[in-house]
Amino acid sequence: MGVVLGIALMLVLNMKFKVNAMVSLLIAALTIGFLERMGPAELLETIQTGFGSTLGSLAIIVVFGAVIGKLMVDSGAATRLADTLIEKFGVGKVKVAMVIVGLVFGLAMFYEVAFIILAPLIIAVAVEAKVPFLKIAIPAVAATTTAHSLFPPQPGPVALVDAYGADTGMVYIYALIVAIPTVIITGWVLPRFLGYLDRPVPKLMRPDEDIPADQRPSFALSLFVPLIPAIVMISATITKAFISEDSAAYEWVSFIGSLMTATSISPYIMAWAITVLIRLATGQGVVSAMTATGIISAALMDPVTGTITAANPALLVVATAAGSNTFTHVNDASFWLFKGYFDLSVKDTLKTWGLLQLCNSIVGLVVVMGISVFV
């Protein structure tokens, strides 16, 4: 309860009273500590450790990403990519082009890397096509997020396939069925209900000077340079992707799984809901999916055969993946990437990024339940 009250306090301070995000976060942390009856020394040490570990890794991503993004903008690489896409697809289909790019990036690379490459490209395409950048950002990011969370070889889906003993081919088929309506609804329908998308180009994404076309890097080089952070981030992302079996978190999820064994709720809804709760608490998509897998496996695994027989394993993979792709807030690094790159307030980030994620997750669950009627 203390954590919930702390998060609520932080959001009120930041959105209603316009208190700086870092100050709001510090006040919330102090409040939670006092509610948990921590002593001053213990509270100070906890905050220092938490801020150091969380903001340290996040700072590397944001700062290094900002350098790469600014390099793409100032060198003309982003404009080169934008011009090529508009030339091939035309202004009228530029949103479709960016969705395709987002899907490819989401399939091919880790999420932070994909976002770092995508953000300046979104801005450049929007400027060249003369459309509000958020109208392109929402469908492009939705596509990237959907591809990253649903399809192997991304670490989350691969780990889920292994944990549930699912067939990879069927996972791809179900994930594709889920991804198409998810991206359409999130990318095209949701923005129609958001009336604050016409915003100025973020300062970070504005070039210091206009680079002539003949001095811009080639299309291939423009794509190559942003891939440099991939090697740096891969090791960190893989480390976060797994939870140790002897950890307290694993003991708790195993305990909850043995409550869940006798429930009559749909296993797909159960998988989705548990993953959503863990994602809200931790802010980590892959971690929430893997932790939920321990719960679901314990609840549905046949003790004799050692396999899941009460549900379709491939569909369980997609349901869990959809749950890991749900509404996130200030404890998610991706939240701050979206906010920082697109120069939004916390409130507007919740109303765009947050709703984007929530829409993705709910549509995914609805489609999974529809498929489950026939399989």
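**Group meeting: a chain of helices**

T145 counts as buried, at 5% relative accessibility. Buried here means under 20% relative accessible area, exposed means over 50%, and partly exposed is in between, with a 1.4 Å probe and protein chains only.

Before I go on, two notes on the source. This is a predicted model, in which local features need pLDDT of at least 70 and side-chain atom pairs count only at pLDDT 80 or more, while totals for chains, interfaces and linings use all residues. Residues are numbered from 1 along each chain as its sequence is written, and side-chain values use heavy atoms, with hydrogens and water left out.

Back to T145. Its place is in helix α7, residues 133-150. Helices are DSSP runs of H or I with at least four residues, strands are runs of E with at least two, and both are numbered from the N terminus. What is T145 in contact with, leaving aside neighbours within four places in sequence? The list is Y111, N325, W353, Q357 and N360. Contact means heavy atoms within 4.5 Å.

Now the whole chain. The protein chain has 17 helices and 0 strands. Of its 375 residues, 49% count as buried. If we take the contacts with a separation of 6 or more, residues 24 or more positions apart account for 76% of them. The accessible surface comes to about 17300 Å², and 69% of that belongs to carbon and sulfur atoms. Those areas come from the Shrake-Rupley method with a 1.4 Å probe, and for residues only the protein chains shown count as cover.

Helix α17 covers residues 346-372, and its 27 residues should span 39 Å at 1.5 Å a residue; the end C-alpha atoms are 37 Å apart, which agrees. The expected span is 1.5 Å times one less than the number of residues. α17 has a kink of about 25 degrees, centred on G354. The bend at a residue is the angle between axes fitted to the seven residues ending there and the seven starting there. Since 19 of the 27 residues of α17 are buried, the helix is largely enclosed by the rest of the structure.

Helix α14, residues 285-300, gets the same check: 16 residues should span 22 Å at 1.5 Å a residue, and the end C-alpha atoms are 22 Å apart, which agrees. Here 14 of the 16 residues are buried, so α14 is also largely enclosed by the rest of the structure.

On to the aromatic rings. A pair of aromatic rings is described by the distance of the centres and the angle of the planes. Rings of Phe, Tyr and Trp (for Trp, its six-membered ring) pair if their centres lie within 6.5 Å; planes under 30 degrees apart count as stacked, over 60 as edge-to-face, and the rest as tilted. By this rule the count comes to 8 aromatic pairs. One of them is F115 with F338, a tilted pair at 6.3 Å centre to centre and 50 degrees between the planes. F115 lies in helix α6 (residues 111-129) and F338 in helix α16 (residues 333-341), so the pair ties together parts that are 223 residues apart in sequence. Both residues are buried. Ring pairs also link F115, F133, F338, Y341, F342 and W353 into a cluster.

Now M98, in helix α5, residues 94-108. Is M98 buried or exposed? It counts as buried, at 0% relative accessibility. Neighbours within four places aside, its contacts include L85, L118 and I136.

S324 sits in the loop between α15 (313-323) and α16, and is buried, with a relative accessible area of 7%. A polar atom of the S324 side chain lies 2.6 Å from the backbone oxygen of A321. Leaving out neighbours within four places, S324 is in contact with residues including S149, T275 and R279.

A166 lies in the loop between α8 (155-164) and α9 (168-189). At 13% relative accessibility, A166 counts as buried. Its C-alpha atom is 8.5 Å from that of L316, 150 residues away along the chain.

Finally, R37, in the loop between α2 (21-35) and α3 (40-75). R37 has a positive phi of about 60 degrees although it is not a glycine, and counts as exposed, at 78% relative accessibility. D343, in the loop between α16 and α17, has a positive phi near 55 degrees and is not a glycine either. With a relative accessible area of 44%, D343 is partly exposed.

Methods:
Polar contact = N/O pair within 3.5 Å; in protein donor to acceptor, adjacent residues only side chain to side chain.
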